[in-house]
Amino acid sequence: MPLSLHPDLGSQLINLCSMLLLLTTFAIVAQRRLSACVDLFALQSLFLAVTAAVVAWFTDSPHIYIAALLTIAIKTVTIPMILKKVIERVNVKREIEFVINIPPSLLICGALVILAFSVTEPIAKLGFLLTRDSLAIALAIVLIGFFMMIARKKAVTQIVGFLMMENGLFLGATASAYGMPLIVELGVFFDVLVAALIIGVYTHRLQDTFDSVDTTKLTGLKE
Amino acid sequence: MGQLDTLLITAAQAVIILLMSPFVVGLIRKVKARLQCRQGANLLQPYSDLTKLLRKGVVVSTNTSWLFTATPYILFASTFAASLLVPVFLSRIPLNFAGDVITVVSLLTLGTFFLMLAGLDAGSAFGGMGSSREAIIFSLTEPAMILSIFAVGLTAGSTNLSTIVHNTALMNGILTDPPPHLMALAALFIVTLAETGRVPVDNPATHLELTMIHEAMVLEYSGRYLALIEWASAMKLLLFLTLLSNIFVPWGIATEPEPVWMAMAVGAWAVKVSALAVVIGVFESMFAKLRLFRVTDLLGVAFILALLALIFYYILRG
Amino acid sequence: MNAALLILIAAPLAACLLSLVVRTRPAMERLQLGHAVVLWAAMAAVVAGVVMGGHGGSHGEGGVSFGPLLHTDPLSAFMDLMLAFVGGTALVYASGYMGEELSRGHLNFPRYRRFFIYFDLFLFAMMLAVNLDNIALMWIAVEASTISAALSVGFDRTKAALEAGWKYIVLNFVGIALALFGTVLVYYTSEHVLGVSMEALSWVSLHRVAGELNPVVLKMAFVFVMIGYGTKAGVAPMHTWLPDAHAEAPTPISAMLSGLMLNLGLYAVLRLKSIVDPAVGPAFAGSIMLSLGLLSMAIAAAFMLIQRDYKRLLAYSSIEHMGIAFIGLGVGGPLGLFGGFFHMINHALAKSAAFYAAGMVLLRHGHKMIDRVTGLARQTPAIGGGLLLAAIALAGLPPFGLFVSEVLIATAAYRHHHGIAYLFLALLALAFATLIAPLTRMALGKPVEAQLAVAHGSDRLMTSALGINLAAMSVIGLLMPAFFLDLFMPMTALFEAKAGLP
């Protein structure tokens with residue numbers, strides 16, 4: 001039986017790719033090993049680049065290809081490399097420590113996904129989104145990244161959370177609004193790269209000063 | 001569909017599952033061997049293993065009851081019966097009146113249940129340990145499995161496997177509604193790994209006391225009993241791969257009993273199942289086995305994903 | 001084309017690059033003082049250009065522009081005025097403060113130089129942010145300012161400073177990411193009206209077509225932007241980074257954060273409000289701002305009660321004052337808007353003056369304990385008097401500008417809802433008491449602690465920065481120059497000035 005092409009195959013493909021991003025997000029939340037977390041982040045960024053390329057193909061907007069290439073260069077290669085160096089340097093124990101353990105984390109993430117979908121539903125209903133679900137998935141990734149920053153103790157995992165939020169934002173910009181103009185994308189990329197570097201520098205200093213990157217030990221300042 | 005056709009199609013499906021299942025096991029082993037830079041055993045090695053075991057005599061402990069000898073037959077028969085209810089190359093299989101996805105799951109459960117009892121029956125420490133571990137994992141995978149198939153069933157509008165496959169084949173498979181489908185697919189993939197005792201839940205290649213689950217349960221078996229159990233678990237593996245490929249990517253499956261389409265469908269199915277077997281082989285080489293108490297995390301992911309896929313349908317698509 | 005605008009933005013960047021090659025302290029001081037003078041001159045030219053009704057060029061309407069991306073309308077000019085003026089005095093102050101730290105051997109020269117590099121970058125990013133006519137590029141500039149300030153907050157590598165820096169990074173980076181999501185949403189709705197182009201991101205175009213934008217999307221965008229930039233503006237409940245960062249950062253940076261960066265966050269929220277209001281009515285954004293403002297005031301007033309560290313006390317006072325500005329601008333109407341804007345600039349001047357004085361106290365006493373510092377007016381009249389004046393202004397006593405703005409905002413709130421006005425006045429009274437009591441105790445009374453000596457040169461620089469700020473604050477409060485009205489009237493025109501909250 002021949003494969004019948006659905007009329008909006010493009011948008012469904014984009015949905016599928018964005019969903020792969022969300023799945024890697026879940027994998028990162030359920031991950032206990034720090035270096036695996038970074039690898040999964042690199043994988044997620046790769047999926048992001050693929051999504052961007054698919055969007056570029058179906059909407060015929062070549063500038064998104066550049067954004068996709070930049071994503072690979074910066075988020076799949078450079079930033080994971082920096083993070084690996086940081087992990088090596090600060091000699092973090094290999095297992096991640098949790099404020100909230102994995103199973104309840106997963107439940108919370110599930111709830112966040114539902115929240116993201118119900119919040120963006122009025123927008124999806126307007127019907128001029130490129131795809132039905134990408135914006136919601138993007139918001140879900142942003143929220144889960146936010147949650148990661150709260151629920152994990154190590155500075156490095158908090159960086160991964162921040163970077164996941166950025167990935168979600170980029171997905172939102174590409175998959176719902178055909179990507180921002182190129183100059184904006186470039187600026188955002190530059191900022192993210194610098195931000196990752198700065199957090200890396202801070203992590204080093206934390207290690208030097210506190211002999212640990214466990215941020216729950218930062219309790220000196222309170223009322 | 002005439003009487004003869006019905007009989008032929010059912011028989012063909014049974015034969016295909018029965019005969020192909022050892023091959024899939026061999027394929028996974030080959031992929032793993034290659035990734036470890038080994039030559040690896042012949043692809044047909046599992047067939048030789050089975051014939052060898054079938055010819056060998058049986059040693060049965062004097063402490064065991066009838067359960068021990070009956071279990072291999074029950075396991076084999078129930079798995080075989082389940083395989084008749086899963087569409088392989090034709091979406092509307094002749095036996096689809098006989099049961100839906102719940103029947104398939106309960107047939108598989110029946111086999112596992114008896115296997116756990118048999119593990120306890122011999123009274124050996126390993127058997128008991130294997131059974132208790134299997135029970136933990138089994139109780140966690142089952143809900144995820146049912147939920148993930150239901151999530152797809154909701155889009156297709158039925159719990160009958162045949163109807164699910166038929167309807168999704170008429171639509172676009174996983175592209176019909178990617179978010180819930182992909183979540184269900186991920187959940188069912190994890191369930192497959194857990195149910196068929198693959199890395200990272202269990203390692204089928206070792207007999208290390210600390211880690212083994214399935215192998216510990218069947219440690220007391222030998223000869224043709226062992227052959228039946230091995231064959232049944234190979235069939236179970238193939239059954240899950242078939243479910244994965246035909247529920248989520250039913251492209252190529254025949255929706256009408258036309259001989260040409262069915263022949264093509266067998267080819268498509270073989271390609272999809274082999275591809276999945278390769279994926280599992282790669283997966284097993286990439287990941288280390290999890291500690292038993294970490295397995296719950298993985299199964300938790302599967303459960304949450306399946307649940308999300310289901311809620312998704314009710315809240316956002318309803 | 002307006003060259004002054006370019007100079008205004010390029011000056012901090014040039015100063016930053018020149019700092020890289022400076023090798024001596026006198027050269028650095030000359031560079032930074034020169035930088036301050038250039039800033040003031042360029043700011044005066046730009047603000048004059050806008051007030052006189054400059055030629056808009058490609059952007060139409062009032063204001064001055066340079067190239068396709070830089071455009072200064074009255075609201076931007078107002079921010080320029082604040083940034084350049086307080087930024088300039090902060091440069092003067094920092095030259096003295098960091099020079100003293102250098103001569104005491106707390107810093108080596110490369111770190112001394114690095115401080116100014118970060119400082120100039122921070123100023124540059126903020127200057128760029130308020131003059132860009134583009135919502136997304138503004139985001140990039142705001143993020144750049146967040147990043148450069150992150151380097152400055154943890155500048156002293158003590159445990160406390162690092163902890164404050166980490167808190168600052170985590171909260172502000174999350175906030176800024178949420179703001180980007182809001183920005184994407186705005187772009188998403190505007191591209192349907194303006195097409196896929198840079199124009200769909202331009203504030204001028206957005207403002208022109210605001211009424212046609214989709215209200216549902218805009219509402220959501222405003223919520224994200226409010227949380228995001230609100231974190232930067234230090235409003236409760238996203239304020240938790242603020243006291244730590246203000247207390248642990250080097251004092252010139254504390255003054256910059258409090259006087260300028262918080263206002264930058266508020267500016268970004270206001271910009272969005274100006275395009276959300278025409279589409280969804282002023283009640284939506286206004287009531288969010290009003291409630292967050294009240295919450296900030298309540299939390300700040302409560303926490304000021306238990307402060308024992310004078311820099312933290314001033315930090316909480318900043319949260320309170322940002323709350324007041326949010327209330328004024330949220331309630332809207334001519335009184336609320338005017339009060340809010342007037343409050344922003346007066347608070348920037350008064351709070352940075354208070355931090356200047358606090359920094360000089362810190363240099364002389366070596367600690368930040370309120371209890372152990374008394375009798376400043378007798379020991380060092382300039383500092384004691386300066387602190388007292390700033391405290392009077394911050395507490396909202398006449399004759400200073402904050403008194404005027406608070407009265408205006410209370411009146412606007414009263415017209416909106418009596419209960420809110422009473423609550424506002426009660427919180428104001430609480431904050432008044434909790435701020436003025438410790439600060440007057442510090443300034444007056446009998447000295448108990450001996451002071452460390454501060455080199456005369458450094459002291460003169462710091463005192464003059466304090467003096468300039470206090471003078472400007474008094475002039476604005478007492479005389480209210482006419483050009484302020486010329487500037488404020490068109491600013492309020494960005495918002496439906498007559499239509500405040502009902």
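**Figure 1. Two helices of chain C meet.** In α3(C), the residues Phe78(C), Met82(C), Val86(C), Thr89(C), Ala90(C), Tyr93(C), Tyr97(C) and Glu100(C) meet Phe341(C), Ile345(C), Ala348(C), Leu349(C), Ser352(C), Tyr356(C), Gly359(C) and Leu363(C) of α13(C). Two residues are in contact if their C-beta atoms, placed from the backbone, lie within 7 Å. The residues of this contact divide into 12 nonpolar, three polar and one charged. Ala, Val, Leu, Ile, Met, Phe, Trp, Tyr, Cys and Pro count as nonpolar; Asp, Glu, Lys and Arg count as charged; the others, Gly among them, count as polar. This is a predicted model: local features need pLDDT of at least 70, side-chain atom pairs count only at pLDDT 80 or more, and totals for chains, interfaces and linings use all residues. Residues are numbered from 1 along each chain as its sequence is written, while chains are lettered from A and ligands numbered from 1 in the order in which they are written.

Two packed helices are described by the angle between their axes and the distance between the axes. Helix α3 (residues 74-103) of chain C and helix α13 (residues 333-365) of chain C have axes that come within 11 Å and cross at roughly 0°. Axes are lines fitted to C-alpha atoms, for helices over the stretch in contact, and angles run from 0 to 180 degrees between N-to-C directions. α3(C) and α13(C) are therefore roughly parallel to each other. Angles under 35 degrees count as roughly parallel, over 145 as roughly antiparallel, 65 to 115 as roughly perpendicular and the rest as oblique.

**Figure 2. A helix pair in chain B.** The axes of helix α4 (residues 101-121) of chain B and helix α5 (residues 125-156) of chain B cross at roughly 175° and come within 9 Å. That makes α4(B) roughly antiparallel to α5(B). Residues of α4(B) in the contact include Val101(B), Val105(B) and Met116(B). Among those they meet in α5(B) are Gly127(B), Phe138(B) and Ile149(B). This contact of α4(B) with α5(B) divides into nine nonpolar, eight polar and two charged residues.

**Figure 3. Phe122(C) and its surroundings.** Phe122(C) sits in helix α4 (residues 109-131) of chain C. Phe122(C) counts as buried, because it has 28 C-beta neighbours inside 10 Å. A residue is buried if 20 or more other C-beta atoms lie within 10 Å of its own, exposed if 12 or fewer, and partly exposed in between; C-beta atoms are placed from the backbone. Not counting residues up to four places away in sequence, Phe122(C) touches Ser145(C), Ser148(C), Ala149(C), Ser152(C) and Met256(C). Gly330(C) is 208 residues from Phe122(C) along the chain, and their C-alpha atoms are separated by 28 Å.

**Figure 4. Chain C as a whole.** Chain C has 19 helices and two strands. Helices (H or I, at least four residues) and strands (E, at least two) are DSSP runs, numbered from the N terminus. The radius of gyration of chain C is 21 Å, close to the 23 Å that the globule rule gives for 502 residues, so chain C is as compact as a globular protein of that length. This radius is taken over C-alpha atoms, and the globule rule is 2.2 Å times the number of residues to the power 0.38. The C-alpha trace of chain C spans about 65 × 55 × 45 Å along its principal axes. Of its 502 residues, 65% count as buried.

**Figure 5. Where chain A meets chain C.** Among the two pairs of chains that touch, the most contacts are between chains A and C. Chain A gives 37 residues and chain C gives 38 residues. On the side of chain A, α4 (102-126), α5 (134-151), α6 (155-177) and α7 (182-210) each supply at least two residues. α7(A) gives the most, with 13 residues. This side of chain A divides into 26 nonpolar, seven polar and four charged residues.

**Figure 6. Where chain B meets chain A.** This contact takes 22 residues from chain B and 23 residues from chain A. The largest share of the side of chain B, 10 residues, comes from α11(B). That side divides into 17 nonpolar, four polar and one charged residue. Chain B and chain C do not touch; their nearest C-alpha atoms are 18 Å apart.

Figure 7. Chain A averages a pLDDT of 82. pLDDT is the predictor's confidence in each residue, from 0 to 100. Over residues 1-7 of chain A the pLDDT is below 50. The mean pLDDT of chain B is 87, and 98% of its residues reach 70 or more.
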